[in-house]
Amino acid sequence: MAILEVNHLEKHFGSTKVLNDISFSLEQGQALSIIGSSGSGKTTLLRCLNFLEVPDQGIISVNGNTLFDANDPQTQLESEIRKKRLHFGLVFQNFNLFPQYTALQNVTLARELMMKESGETKEQILSAGRELLAQMGLADRADHYPHQLSGGQQQRVAIARALALHPDILCFDEPTSALDPELTGEVLRVIRNLAEQKTTMIIVTHEMAFARDVADQVIFMDGGFIVEQGDPHEVIDHPKEDRTKQFLSRYSEN
């Protein structure tokens, strides 16, 4: 059974249709890369999956459970949105860390707010947070504030924060776009390690070689449509659709 199923998802902003009949599935432990030009709908798709935007049409299911159905008002109750977001972790392109909190506090804050529901102790949460920072290569940065960290280190803290809530699916929205090439490499290494550990991920990226080498499948989006999807080496190295060929040829020229 697919861990994630998206069927006929659509999203409008006024008269502009940003997502058009988006359908795909993702298996447990797979990594999906989504590529495409700016404005193609990639970020809006992630925001719909994380319920930061409400789709106008379509169905989103995780582990066989329908989280959202545009035709079922019961799946759109505001009181249920927070629970639904827990299925997805989202790493933003600009880190979005709280500047007043240390790296460890940024990682553990959400779990601390849920202590009554989870039954965890603060000590358990802090221990788990330190383990996540160590996994990111930041064991010695736990007590540093965001302004004391490089961009790459801040993004790795953001990844640890997303992982702290044990999401079913970890989503990345252009995780290296705000970084210079040297810092980009350290973040991509972390994501590559997560892929090797069979973390289920959706990665919106402009790093074509990375998308090809790390993902189990690739989706190319244009104008709110899925133009082409399939095996990364086939889509990126041997695209079938003219629009995909045009997009990738521009990347190879840069």
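Reader: Which residue in S2 is the bridge partner of Glu5?

Author: Strands here are DSSP runs of E with at least two residues, helices are runs of H or I with at least four, and both are numbered from the N terminus. Two strands pair if DSSP finds at least two bridges between them. In this predicted model, Glu5 has Ser25 in S2 as its bridge partner. Strand S1 (residues 4-13) and S2 pair antiparallel over seven bridges.

Reader: Okay, and what packs on the sheet?

Author: Helix H1 (residues 42-49) does, touching S1, S2 and S4. Touching means contact, that is, heavy atoms within 4.5 Å. The direction of H1 makes about 65° with that of S2. Angles run from 0 to 180 degrees between N-to-C directions, and axes are lines fitted to C-alpha atoms, for helices over the stretch in contact.

Reader: What is the strand order of the open sheet?

Author: The order is S2-S1-S4-S5, four strands with antiparallel pairing. Strand S2 (16-26) and strand S5 (65-69) are the edges, each pairing on one side only.

Reader: Is Ser61 buried or exposed?

Author: Buried means under 20% relative accessible area, exposed over 50%, and partly exposed in between, using a 1.4 Å probe and protein chains only. Ser61 has 11%, so that residue is buried. Ser61 sits in strand S4 (residues 57-62). Beyond neighbours within four places in sequence, Ser61 is in contact with Ile3, Leu4, Glu5, Thr66 and Leu67.

Reader: How about helices: at what angle do the axes of H3 and H6 cross?

Author: Two packed helices are described by the angle between their axes and the distance between the axes. For helix H3 (residues 103-113) and helix H6 (residues 151-163), the axes come within 8 Å and cross at roughly 25°. That makes H3 roughly parallel to H6; the label covers angles under 35 degrees, with over 145 roughly antiparallel, 65 to 115 roughly perpendicular and the rest oblique.

Reader: And which residues meet there?

Author: Ala103, Asn106 and Val107 in H3 meet Val157, Ala160 and Arg161 in H6.

Definitions and conventions: Residues are numbered from 1 along each chain as its sequence is written. This is a predicted model: local features need pLDDT of at least 70, side-chain atom pairs count only at pLDDT 80 or more; totals for chains, interfaces and linings use all residues. Side-chain values use heavy atoms; hydrogens and water are left out.
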